[in-house]
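Hi,

Here is the structure I said I would pass on. Have a look through it first, and then read my notes below.

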Amino acid sequence: MKNILFVFGTRPEVIKLAPVILELKKYPEIFNVIVCNTEQQKELSNQTLKYFGLTADINLDCMRHNQSLSEVQTRILTGLDKVFKENKIDGTFVQGDTMSVFCGALSSFYNKVPVYHVEAGLRSYNLFEPFPEEAMRQMTARITDIHFAPTEKNKEALLKENISEDKIFVVGNTVIDALSCLSEDTIDASKKFFENGNISVDDKLVLVTIHRRENHGERIDTILKAISKLVEDYKDHTFVLPVHPNPNVKEKVHNALGQFKNVHLLAPLDYPNLVYLMKHAKLILTDSGGIQEEAPTFGCPTLVMRYETERTEGIEAGVSVLVGADYDKILDLSNEILSKDFSQTRLKTSNPYGDGNSAKRICEVLR
């Protein structure tokens, strides 16, 4: 039996690693799964674990208010050092490009334990777009033993970096696996959640998410100015914005949008509730990476409020458009969609990021 450690700390990591954890747990005679939550996003990560029926075996309690990158890195590395000293680990899974990912891979490397990187090979080739994620994933790639790439394009990026082809496996994105975990009971519960909050989830719903570090400062001011204009112009539409807890985001969002009756500023949502909104949205405005991957499943037009994206498959497939923090572009493309009926806006294309069987492929490779 092999002791397999999963290290994560944010909600997207939980969503994308949960299907792999559940798949490996089907083979207890082969794998002893150890789940470690750095709690880089303490509330959000633990909230999402519960949805998948999972709990962490180890919690590192690394989150602090308004923490710097150096501070959180130090706490995670110190916490993981103890984990490796107290447990015999045969392999470490990390996912994506967060500080928890890099620290999990680095700690594993320091202890000469193989690293398995889920969602490997995403690249923007601009170290400051997204920041610090682009650097995290590039550095993680140098010390990874098995690269689980979502797409052929991701594999090509790794090959260009002289990573051996026999270490790369194209498996699709596990976020699509996570979507398939939604039960009818879960969907009904999400519907009641919004009904109880007097939030109209109909064919005039606009979902907005803003949180990326590179959008802090002047960019978020411009984005919020554009959204305020849309809110005023489309009073018959409902705008829902789950507000990220980062104080650099939260205060500005409430100041800019808090006075509008057709805007609902919510606390961070449970994963199924966010998926419910994506499924019913007429338009999504986001700077999230995960939503770019999930939205195509529901045929929802998505405007990506970033200047660079490592998820170019969606752009090429026409399911998402880069708009950055460009005021005019956000307004023009939003108007183009919001001025139409819901049925006219649906995108009829398959999801370019996966088919829902990624966790099975990863497990088979590991076995």
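Let me start with the rings. Searching the whole structure turns up eleven aromatic pairs. One of them is Tyr51 with Phe52, an edge-to-face pair with 4.7 Å from centre to centre and 70 degrees between the planes. Tyr51 and Phe52 are both buried. Ring pairs also tie Phe6, Phe93, Tyr116, Phe148 and Phe169 together into a cluster. Keep in mind throughout that this is a predicted model.

Two arginines sit over rings as well. Arg346 lies over the face of Phe342, 4.0 Å from the ring centre, and Arg367 lies over the face of Tyr27, with 4.3 Å to the ring centre.

Now the sheet. It is open and has seven strands, in the order β3-β2-β1-β4-β5-β6-β7, with parallel pairing. Which strands stand at the edges? They are β3 (58–59) and β7 (168–170); each has a single partner strand, so one side of each has no neighbour in the sheet. Strand β2 (residues 31–37) runs parallel to β3 and is joined to it by two bridges. If you want a spot to look at there, Asn37 stands opposite Asn59 in β3.

Helix α3 (residues 69–86) lies across β1 (2–8), β2, β3 and β4 (91–95), running at about 170 degrees to β1.

Strand β4 also holds Thr92. Is Thr92 buried or exposed? Its relative accessibility is 0%, so Thr92 counts as buried. Beyond its neighbours within four places in sequence, Thr92 is in contact with Leu5, Val7, Phe84, Gly104, Ser108, Val113, Pro114, Val115 and Tyr116. Phe109 is 17 residues away from Thr92 along the chain, and their C-alpha atoms are 9.4 Å apart.

Last, take a look at Ser358, which lies in helix α16 (residues 358–366). Ser358 is buried too, because its relative accessible area is 0%, under the 20% cut-off. What does the side chain of Ser358 reach at 2.7 Å? That is the backbone oxygen of Val171. Setting aside neighbours within four places in sequence, Ser358 has contacts with Val171, Gly172, Asn173, Thr174 and Asp177.

Cheers

Terms used
Residues numbered from 1 in each chain as written. Predicted model: local features only at pLDDT ≥ 70, side-chain atom pairs only at ≥ 80, totals over all residues. Heavy atoms only, no water. Helix = DSSP H or I, 4+ residues; strand = E, 2+ residues; numbered from the N terminus. Buried < 20%, exposed > 50% of the residue type's maximum accessible area, 1.4 Å probe, protein only. Polar contact = N/O pair within 3.5 Å; in protein donor to acceptor, adjacent residues only side chain to side chain. Contact = heavy atoms within 4.5 Å. Pairing = 2+ DSSP bridges. Axes fitted to C-alpha atoms, helices over the stretch in contact; angles between N-to-C directions. Phe/Tyr/Trp six-rings, centres within 6.5 Å; stacked < 30°, edge-to-face > 60°. Lys NZ or Arg CZ within 6 Å of the ring centre and 35° of its normal.
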